[in-house]
Amino acid sequence: MSVSLKLKMAPKTAFRSIDGVDYCVWAYRLSWDAVDAPSGRLALALPDSIDIQDPARYPDEPAIKGTHVVRSQAENRLYVSTAAPTAPQSEVTISFIAPATPDPMTAVSIVEQDPNTDSWTTLPFSVEAGADAAAGQAVEGSAPETASVVAASDSPQTPDLVKAKAASRRIPKATLVSVQFSPEQLFREQGAAIEKYNFLQRLNLSPGEVDDVAAAVGADREALSTIRAFEGPAVPSALPAAREVASLDTSILLSLGAAVVEQRKQHLTELDPVTADQWRADPDSSDAPVTDPATNPKIRYHHAAAALESFRNAFKVSPIGLLNLERLEMSPAGIQRGELVATIPLAPKERTTVSHKEWSVTSREFTSIVTDSLENYSETGVTENSELAQATTSQTTHSNQFNINASLSGSYGPVTATVSTGFGSQDSGSQSATESRRHAVTTTRTASSRVKQEHKVTVSTSAVTGSLDASTRVLENAGNNPIRIDYFSLLRKWHVALFRYGLRLTYDIAVPEPAATMRALYAQAEELRSSQGRFEFGLAPVDITPESYRDFAALYSVVLADPPEDPKEVSVISTYTESGDTEFFGRVRVMEIHIPEGYKVKQADLFFNLQSDEHIAGILVSRVKVTPESYRGEALRIGFLAGCQGEQFLMYATKGSPSGALELDLQLSATPAAVSSWQQQAWAVLFGAAQARYFAAQQKDQADLEALTAQISNVNTLTLRREENEEIMKAALKWILGPAFAFMPDEVLQAFVDQKSPQGGVDIEHGSTAQSTGFLVLPENWGVMLKYQEMIKFINEAIEWENVLYFVYPYFWDIPFSWSFIRGLRHPDATREAFLRAGSARVVLTVRRGWEEAWVTFVETGGFGETLIPGHPYLSIAREVQAYDQTNYPGIPPANPGGGPTPDDGASVSTITTDNLAPSANPVTITVKSIDGFRVGYRAVIGRYDDGTTVGGTFRTDQESQTITAVGTRTITLERLDHAHNGSTSPTSVRQTGEAGHLMAEWFEYTPTPGTDIAVTSDLATIV
């Protein structure tokens, strides 16, 4: 807000004497001269030691009408508020009743209430013309008294909030601020080592390509030599160091990228017209003549164009941001009357019988709380869902499932995001504080409402018991006035405070497919599921042939019967003996021919062996003409037997031969029926073997699928978060160190593989090489990996990997071919499911405290011990973040582990001084408004962060943190002072920050209780 507020005291007027003390009406006029006027309610924040009267007790006093008084016991302050006027009115008077005794050094602040969240924001203001505006000023006000604001008579008394601190709950929280720079600041010729290195690798330069475009680039010989190293396949050990790439001018690399894109575009137009048209119509066509990404012109053009556009965008958006570490602290603050449950009116002397029937349903819903940390422990507890802190945590988790919110692997809690135009004070008046308050209030309000709803409507089934309590009471109004008996529900009151306790520098990157490795198990499960189905045997009987049946038998590990012999040869011999005269043909003889089943005659040849001279011998064969050649041993073809099956006969008669023999040679072939029968039998054997093998495989696949599903699902929450953090870390390292970076270089890996042998040796599959015997890796192999060791050590130390922050983005940021598979990924853990389905992720690396300047130097120069150019915007931000954290949050363990002790109760105390302080290396004693809460040995923050000067483009704050060495009656002694602080013109703030940090906002929430309150109203006679 750009409002310039001015506070001026108005004349006070006498009121009355209360308990022997004179009181008056104090009035302060608040004015402003900006168009952007305040809204909601405006309040004066005053010490709670002032006895400011409750305005509700004096409704007839016109000066305090519309004024409300709220006590914040957490801050020891009173808020006296009134509604801000509407435009064009530009001033308002805030009045209250307090003791007339004045105090010229009353500390006062002005706060504005957000109309949406009801939280308070401190506004800077001035008290004199020309004076500097400050968050706190000293004005004349009422002197402190021992009395306190009286609680309203219609509410139960609230116990002291400080006594309930032991029962307070804390929820970590954080607010991410993306720092925006102007285009002129973001574009820098030198630096941007990581962006430049990745750009040259993504170009996929081919040998000689740099020389082809050298004329258009206009770089010197040394720059061209550095760029040529990225031509051809990437060899990590041969690539230039990142610091060498950082020295290349950005404009030269942009010219290089544009020239490469143009040249590859020309290559596309020089393609054969038919091929070019085909690619335009179907870029993914398998008919494309070149599909190798390294040589495909279209893919190479796409790679270059995408790399160039990404490199240009790197100088339009800053990766630098801020992470404000915050904490929600919830403390029980007593009980409060809730809604009216029932009313019973009674007239004078009236007696009534009230039958009270109460059906109570007791339903307890318990939530298992798993608090997991990456610090080697996991705690599990059980709590009722009406607990506000747990309800708030559950509400945050529920909201994260439906929004693109951040997941944090460490202890910083839920994160909200906002944007800043540059680094500035991250106090309660900053935009980030406003967004954080709005988010925190919205979350707790939603959680409180959900608890109330669950209290009214029981939906859980874990434990439900019912009971009927019936009683009869007689109520009598013995008085002369009507009365009303009211029954109210009781609500538990919670004081909620939002503290900011630390600041971190962040560095944004984007990584694709963060869960790529984890999806491998799901891919295996998908493959196993796809194998489940009906048994199908694709082999047909006709496919089984005499040539292939042995291969099928070997494939299915069975024994098959041999096929019918084809061709098959059979010989039939018939002998004869004739007695007596053989001059004439004797009796007819019959040759019986038995053809095996399943065969038919393909060819039949008859041979004679007659024991006589061929000139006098003779033979007659039925249906066959005997040739002279047959007598000389040649075969006589018996044609009528061709194709015959079964039993056949051949008749013959001889003469001139007392004895002899006939030989019938048959060449048989298997019949189609026999072949088919053999094929069917063989197929049946193969089918049975294949089916048995399939069912065995199905059972194994089902068992593997069940084991894989258990491996995916039955993992504790701590392990899930660790695995996700490791994948994010791996992806981030790949991005920072470049795609060519290997976690184990090929040379080292080969050295391991070379030690493996069939007989044992090095076990490389189970990660137990250190336990193997005879293992030897040569020093030169390790040298390749040791090249990165210092860089790896630096990255692991500079980044808080235990508190990595990441935003997962939807599946459609992945390649389209995988969309269907990714959409089907499921996991019992909602956070793991969102991680698995992420197409890409925004990773916010949290820089460890004290490493801010070293980190921005590393990412810009690519090396250690380098020096950034003066005025570099990232260096300025890093130094300011480091200075702000050190001065504003001293001694707070979560934000500054090396700091001093903190107050036991964790509260922050503050005061002001009007002394004109000069720098001193010796102890300095300052006069302060109050010494309450300040302790020797703790650290005090002097001044505001915005007090300072800009030198060389870098802001230098005068705010400092010093150790308290002594506390007097109205003085505090500091160990030293490094800067001047003139409190005579505007009071200088002195603050001792406790563990809780700086209070950003506070409000109240309510949750139901099983209690009931009863009120009797007896003044009904005055009601018209």
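The protein exposes about 51,300 Å², and carbon and sulfur atoms supply 52% of that area (Shrake-Rupley method, 1.4 Å probe; for residues, only the protein chains shown count as cover). The model is predicted, so that local features need pLDDT of at least 70 and side-chain atom pairs count only at pLDDT 80 or more, while totals for chains, interfaces and linings use all residues. Residues are numbered from 1 along each chain as its sequence is written, and side-chain values use heavy atoms, with hydrogens and water left out.

**Overall architecture**

- The protein contains 22 helices and 41 strands (DSSP runs numbered from the N terminus: helices are H or I of at least four residues, strands are E of at least two).
- Of the 1024 residues in the protein, 44% are buried (under 20% relative accessible area, with exposed meaning over 50% and partly exposed in between; 1.4 Å probe, protein chains only).
- Among contacts between residues at least 6 apart in sequence, 81% join residues at least 24 apart (contact: heavy atoms within 4.5 Å).

**Helix pair α2 and α6**

- Helix α2 (residues 193–202) packs with helix α6 (residues 250–269) at an angle of about 20°, and their axes are 12 Å apart (axes are lines fitted to C-alpha atoms, for helices over the stretch in contact, and angles run from 0 to 180 degrees between N-to-C directions).
- Because of this angle, α2 and α6 are roughly parallel (under 35 degrees; over 145 is roughly antiparallel, 65 to 115 roughly perpendicular and the rest oblique).
- The crossing of α2 and α6 is left-handed (the near helix is turned anticlockwise from the far one by less than a right angle; clockwise would be right-handed).
- On the α2 side, K196, F199 and L200 meet T250, L253, L256 and G257 of α6.
- By class, this contact of α2 with α6 comprises four nonpolar, two polar and one charged residues (nonpolar: Ala, Val, Leu, Ile, Met, Phe, Trp, Tyr, Cys and Pro; charged: Asp, Glu, Lys and Arg; polar: the others, Gly among them).

**Helix pair α12 and α14**

- Helix α12 (residues 549–556) and helix α14 (residues 672–713) have axes 10 Å apart and pack at an angle of about 20°.
- The two helices α12 and α14 are therefore roughly parallel to each other, and their crossing is left-handed.
- Residues Y549, F552, A553, L555 and Y556 of α12 meet W678, L686, A689, A690 and R693 of α14.
- The contact of α12 with α14 has nine nonpolar residues, no polar residues and one charged residue.

**Helix α21**

- Helix α21 (residues 852–861) is mostly covered, with eight of its ten residues buried.
- The buried residues of α21 are E852, W855, V856, T857, F858, V859, E860 and T861.
- Just after α21, G862 adopts a positive phi of about 80°.

**Two individual residues**

- S489 belongs to strand β19 (residues 483–512), and it counts as buried because its relative accessibility is 17%.
- Apart from neighbours within four places in sequence, S489 is in contact with Q336, R337, G338, E339, V341 and G1011.
- A732 is located in helix α15 (residues 717–737) and is buried, with a relative accessible area of 0%.
- Leaving aside neighbours within four places in sequence, A732 contacts I509, V511, W801 and L845.
- A732 and R842 are separated by 110 residues in sequence and by 9.9 Å in space, C-alpha to C-alpha.
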